[in-house]
Structure formats: C-alpha cells, structure tokens
Amino acid sequence: MKRTKFDMFMSLSRQRSVQVLIFIGLVYVLMVGLEVPFVFKTGFSLVSKEGEGFANRHLNSKTFVLESEEDEEEKKAPNRPLDVPLRVGISNQSNSRPERKIRELHTLLSNLVFDGSSVNMNSTDGFSGILKSAKEAFEVGKKFWEELELHKQEVVPVEKSNKTEECPHSISISGSEFQEKGRILVLPCGLTLGSHITVVGKPRKAHSEHDPKISLLKNGQFLMVSQFMMELQGLKTVDGEDPPRILHFNPRLRGDWSGKPVIEHNTCYRMQWGTAQRCDGWRSKDNEETVDGQVKCENWIRDNDENHTEQSKSSWWLNRLITGRTKKVSIDWPFPFSEDKLFVLTLSAGFEGYHINVDGRHVTSFPYRTGFALEDATGLWMNGDIDVDSVFAASLPSTHPNFAPQRHLDMSNRWKAPPLLDQPVDMFIGILSAGNHFAERMAIRRSWMQHQLIRSSNVVARFFVALHARKEVNVELKKEAEFFGDIVIVPYMDHYDLVVLKTVAICEYGVRVVSAQNIMKCDDDTFVRVDAVIKEVNKILENRSLYIGNINYHHKPLRSGKWAVTYEEWPEEDYPSYANGPGYIVSSDIASFVVSEFDSHNLKLFKMEDVSMGMWVEKFNSSRPVEYVHSLKFSQSGCVDDYYSAHYQSPRQMICMWNKLQQLGKPRCCNMR
C-alpha cells in the first residue's frame with residue numbers, strides 16, 4: 001500500500017517535471033525564433049570574425065586601424081557620416097556587408113622617371129636646353145634624396161626643437177675681412193622686401209685688356225679697361241658649375257666694344273646667361289616698362305668730349321626754340337664711377353626688382369627674373385678692378401622666408417589626407433608647390449581640401465613638390481609628407497624652368513595611381529571650388545576629350561621683359577591655344593597621351609608649363625577631337641564673382657574664402673593681403 005502511494009507520487013512528479021521542461025522548451029524556442037532574424041540580419045560572419053580575431057591577429061589580413069581621436073569619436077557615434085565611403089564587397093556568403101577597400105602607398109616619390117641618356121647635348125633645337133637642364137636636375141635630385149635617406153637618423157625632429165633658423169638682421173664687414181673671405185658676404189637667410197646692401201669702394205686705374213670678347217681688336221692691340229662685377233649669388237647646386245647669378249651688375253668705366261662707359265645687368269643659371277640689360281648713358285624711353293616706378297637706366301654724359309657737350313647744348317636750345325619751354329628739363333650726370341675715386345653704392349630690393357643708387361643718386365633698376373626669388377640670394381660677391389673699403393647689409397630677414405614649418409604646420413590628424421580607395425575617382429587635383437611653401441600648403445589643407453568631395457575620396461588632391469637647394473628644407477618637407485600623406489615628391493632639383501616636369505608627374509599620378517576620369521592642375525596660391533569645377537566638367541558629354549580653363553587664343557610670345565622668350569626657345573610667332581596655368585582641367589585620355597609621349601621621349605618640354613599643355617593638347621587634337629571650354633571663372637589674376645578657381649590668394653585669404661563658403665553658402669572674395 002505504501003509502495004503504491006509512493007509510485008503514484010513519483011508519477012505525478014514526473015508529469016510535473018515533463019510539463020515544466022515542455023514549458024521551458026517552448027519559451028526557449030520562442031526566444032530563439034525571435035533572435036534568428038537579428039542574427040541573419042547582422043550576419044554570422046561578424047560573430048565568427050570576432051571569435052577568430054585573436055587567432056588571426058598576427059596574420060596578414062587587413063584590418064581598419066583607428067589613427068586619431070577623431071576616428072574614435074566616429075566609432076562611438078555610428079550615425080555620423082564616415083570620412084571614407086563604404087564600398088559593398090562581395091563575400092562568399094549570400095549576405096554581404098560594406099567593406100573599406102583602402103589602397104596603401106608606401107612611397108613618397110613620384111613614379112616619374114627621366115632618362116637623361118636620350119638627351120642630345122649638341123642639338124640646336126630650342127627644346128634641347130630644357131632637356132639638358134632636366135637631366136642635370138634629376139641627377140642632383142637623386143643625390144639629395146640619397147642624402148636624406150642616409151642621414152635621416154641624424155636629423156633632430158622638429159618636436160624636440162621649437163627654435164626656428166635665426167639670422168642676423170644686419171651684417172657689417174670691413175674690406176680686409178671681405179678680402180679674406182674670398183670677396184663674399186654670406187647672407188644666411190637671403191633677402192626680403194626692403195633689404196639693402198651698401199658697398200663702399202674705389203675702382204682701380206685702367207689696365208690693358210687682351211680678352212677678345214671685350215677688346216675686339218687686331219692681334220697685338222688692346223684696350224685700356226677698368227671694370228668690376230658685383231653679383232647676388234645663390235647656393236651652388238651642381239659640382240663643377242658656378243652658383244646661380246641672381247643679379248650680375250657690371251660697370252665698365254672705359255667701356256667695352258662700344259667704346260663708351262656702360263653698365264650691364266644679367267642673370268645666369270647653370271652656366272646659361274639670360275638676356276643682358278645694357279645701360280649706355282641714355283635714359284630709358286618713356287614707353288618702356290619701369291621697375292617700381294623707376295626707369296631701368298638713367299642718363300649720364302657719354303664721354304667728356306667738349307664738342308659732344310656743345311652739340312648737346314645746341315640741340316637743347318634748338319628744341320626749345322621749336323617746341324617752347326619744355327615741361328621737364330633733363331639733367332645729364334657724369335658716369336657714376338670714376339677711376340681711383342671712392343663711391344658709395346646701395347643695392348635695394350623693391351616690389352618689382354633691384355635698384356642701384358650711387359652716391360645718393362638712382363642709376364639703374366633691374367626687374368626680377370622668372371625663377372629667382374629674394375630668398376635665393378644668399379651671398380654678395382665682388383671681383384674685378386675694385387678695392388672694397390666696407391660692406392653693410394641691413395633690413396635682412398631674421399628667418400628664412402617661409403622656412404619656419406613649426407610656425408605654420410598644424411600637426412593634427414584632422415588635416416591628414418584621407419586614404420586612397422581601390423576604385424577610380426571622379427577627379428584628381430595636382431597642386432604645384434615649392435619645398436619651402438609650408439604656409440601655403442597648410443592653408444589649403446585647412447580650407448578647400450576639407451570639401452566633402454575630397455574627404456570622401458571621390459576627388460583626390462595632392463601637392464607636387466621638387467627638392468629644394470637647402471637640405472634643411474628637404475628634411476622638413478619629408479617629415480611633412482610622411483605625416484600628412486598628401487605630398488608627392490618629384491625627385492629633381494627645383495627650378496622655375498622645370499615646373500613642366502611636375503605637370504607631367506601630375507598626369508602620371510592621376511592616370512596610373514588614382515585612375516581619375518579628369519585631371520586638374522593648379523598652384524598652391526589658387527583657391528578651388530571643388531563642387532563648381534565638377535559641375536562644369538559634368539556639362540560635357542561622356543567619352544569626350546576635354547580641355548577646360550581660362551584659355552588664351554592666338555597669344556604671342558613676349559620677346560622682352562620678365563616673361564621674355566627667345567626665338568631659340570620658341571621660334572613661332574604664336575603660341576598654341578592654352579589654358580592659364582593657375583587652374584585648368586584635361587580628360588584622362590589627354591593625360592595618358594602626355595605620359596605615353598614622355599615615356600617614349602617624344603614629348604616636347606617648354607619652360608612655361610601651361611603653354612606646354614596647350615602644345616600637347618593641340619597634338620592630341622590632331623588625331624582625336626578635343627572640346628575646348630573657355631571660362632573666365634577660372635580667374636587668372638585674383639578673385640572674381642562666382643569663381644571656379646581664384647589665383648594669387650594668400651594663406652589668410654584661403655581661410656577667409658573657405659569660411660565665407662561655409663557661412664554664406666556662396667563664393668565670396670576676400671580682398672585683403
């Protein structure tokens with residue numbers, strides 16, 4: 001009886017247990033049923049990858065690494081738009097998720113290679129000179145880059161030193177010290193606007209000159225000559241060559257082949273002299289260009305011949321009788337230098353050129369030549385028939401202009417370039433810059449390079465910089481390039497006449513590295529409205545070759561002045577149609593043509609890179625039609641209303657224009673300097 005009751009109790013217990021288990025099972029099934037859609041929606045691969053993370057940590061699989069505080073904030077706030085767009089990748093499973101396809105580049109150097117062995121040094125072609133210069137520049141650049149790589153461990157990082165390169169505000173040196181130092185006064189930071197150098201000296205007595213370049217006399221005959229040379233020189237860049245002569249000032253007291261006292265000015269770069277400016281006693285014509293309002297040449301009495309003087313007086317009285325009282329009476333001064341007489345010469349740097357004053361009187365002015373900057377003048381050299389008493393330089397820059405990177409660069413991760421994506425981009429923008437233009441590059445990073453089209457990597461922008469003559473500039477440039485990731489170094493020695501090589505490098509990078517549909521070239525003082533430029537390009541039908549910018553038609557070369565071009569350099573009377581250099585766009589097929597022609601040594605190079613591009617497009621146009629689009633909104637000389645690009649913008653103006661775009665939503669100019 002007891003056993004029966006016990007069995008009944010156990011039976012009831014089992015039933016209850018079964019019921020409880022069934023209930024728990026139903027609850028479990030219900031919960032699992034609700035969870036399944038969530039699991040399938042997010043993907044089992046996410047769970048499996050999290051489980052495999054530790055095991056695969058040391059494998060070569062790419063993972064996205066957070067590199068800044070901004071990235072961490074982005075991860076915590078998934079609703080914020082990502083700087084790098086997500087691409088949908090195809091996975092092995094039926095359900096895939098967006099993945100970042102980031103392409104990493106491990107070199108700072110451009111892939112552009114210049115084969116100097118193909119250069120014909122003896123060619124009389126006007127284009128051969130720039131090829132020779134390019135060959136030498138790449139050889140020097142290779143040496144500079146190797147030095148940077150070898151000595152990178154010896155360089156003190158900027159973070160450990162907050163001091164900028166300091167230079168004296170003025171320098172004074174006696175004649176004996178000047179002689180002991182090889183007749184050279186070193187100007188460590190070059191010159192700046194308003195700098196001036198005063199030389200006190202005495203020309204020596206004339207001596208017999210046998211140099212046929214000066215005398216031009218028969219054998220056994222000679223001229224009596226007294227002359228001296230004063231030069232502003234730059235840094236020596238090539239072994240076996242003289243340093244560049246930024247200003248050559250050569251007074252010839254007894255004259256030269258002309259037989260009259262004369263002063264000659266010139267420049268010389270890599271043993272190549274420019275076009276001489278000769279002042280032979282006559283004042284520059286009224287219709288000739290001036291330099292800061294000063295004439296290039298003042299007048300002086302050509303000789304001491306009394307008959308010539310009387311003739312001049314007679315001509316003056318005759319002109320007065322005919323024309324009446326003159327509005328301006330010209331005064332003839334003697335030649336500013338005399339043998340064995342002390343003089344005080346002052347060389348000053350103005351807005352447009354150098355000015356020479358002797359004994360308080362303006363004598364000559366020489367406009368700045370293209371390719372030379374005030375900061376490049378790092379030494380004053382004198383030689384010839386002269387005894388120097390003293391040299392004094394004042395109003396010198398305390399630091400090398402633009403060379404204070406720690407003053408300009410904001411080493412924040414927010415200004416780093418977004419990574420390249422493994423897909424073609426709409427447009428590539430190549431920005432020409434110089435090694436020491438730290439302030440200009442930083443202003444662009446903080447302004448129009450922050451546009452969403454660039455931050456999303458649909459448009460890619462890079463600076464193209466060649467190597468600088470100053471080693472310390474190259475050291476800082478390399479650090480800047482490594483940190484920001486937006487600089488492509490073209491490994492040649494920088495010079496204005498070789499800017500065209502950077503343009504070729506832009507085409508090469510845009511076509512072969514980022515696979516851009518269109519390539520834009522601009523300067524580092526150009527503000528670009530990225531969205532407006534893209535909109536202008538999209539007006540052109542697809543699969544059309546295009547050339548867009550502020551286009552010059554039937555433009556003639558200038559044979560004199562700052563932008564002078566010799567007939568050897570350009571023998572034709574007209575340039576091809578070309579877009580102004582501060583901002584233009586070509587389609588990828590034109591850029592590919594340029595790179596292909598360069599690789600096959602068929603690309604003609606000209607020192608004006610915008611003219612070069614016009615020349616290349618013209619050649620391409622002969623085989624495939626090109627649509628030329630002219631617009632004044634690619635402003636050449638500043639900022640215009642509703643601009644696409646604006647040239648000659650200072651770093652402050654860049655930031656101001658960007659702020660106006662953000663605040664007003666409209667393009668507005670900032671007319672301050």
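## Basis of the description

The model is predicted: local features need pLDDT of at least 70 and side-chain atom pairs count only at pLDDT 80 or more, while totals for chains, interfaces and linings use all residues. Residues are numbered from 1 along each chain as its sequence is written, and side-chain values use heavy atoms, with hydrogens and water left out.

Strand S21 covers residues 459–467, and nine of its nine residues are buried, so the rest of the structure largely encloses it. Buried denotes under 20% relative accessible area, exposed over 50%, and partly exposed the range in between (1.4 Å probe, protein chains only). Strands (E, at least two residues) and helices (H or I, at least four) are DSSP runs numbered from the N terminus.

Strand S20 (residues 425–433) runs parallel to S21 and is joined to it by seven bridges; Met427 stands opposite Val459 in S21. S21 also pairs in the parallel sense with strand S22 (residues 487–493), over five bridges. In that pairing, Val465 stands opposite Ile489 in S22. Two strands are taken to pair if DSSP finds at least two bridges between them.

## Strand S4

S4 pairs with strand S18 (residues 386–394) in the antiparallel sense over four bridges, and Ser174 stands opposite Ser390 in S18.

Three strands in the order S24-S29-S28 form an open sheet with mixed pairing. S24 and S28 stand at the edges with a single partner strand each, so one side of each has no neighbour in the sheet. The pairing of S24 with S29 is antiparallel, over two bridges, and Val528 has Ser645 in S29 as its bridge partner.

The rings of Phe527 and Tyr643 have their centres 6.0 Å apart and their planes at 80°, so the pair is edge-to-face. Phe527 lies in strand S24 (residues 527–528) and Tyr643 in the loop between strand S28 (634–635) and strand S29 (645–646), so the pair ties together parts that are 116 residues apart in sequence. Both Phe527 and Tyr643 are buried. Arg529 lies over the face of Tyr643, at 5.9 Å from the ring centre.

## Other aromatic contacts

The whole structure holds 23 aromatic pairs. In one of them, Phe337 and Phe343 have ring centres 5.0 Å apart and planes at 85°, so this pair is edge-to-face. Rings of Phe, Tyr and Trp (its six-membered ring) pair if their centres lie within 6.5 Å; planes under 30 degrees apart count as stacked, over 60 as edge-to-face and the rest as tilted. Phe337 is buried, with a relative accessible area of 4%, and Phe343 is buried at 2%.

Elsewhere, the charged end of Arg441 sits over the ring of Phe438, 5.3 Å from its centre. This contact requires NZ of Lys or CZ of Arg within 6 Å of the ring centre and within 35 degrees of the ring normal.

## Helix H1

Ile24 is placed in helix H1 (residues 2–42) and is partly exposed, with a relative accessible area of 48%.
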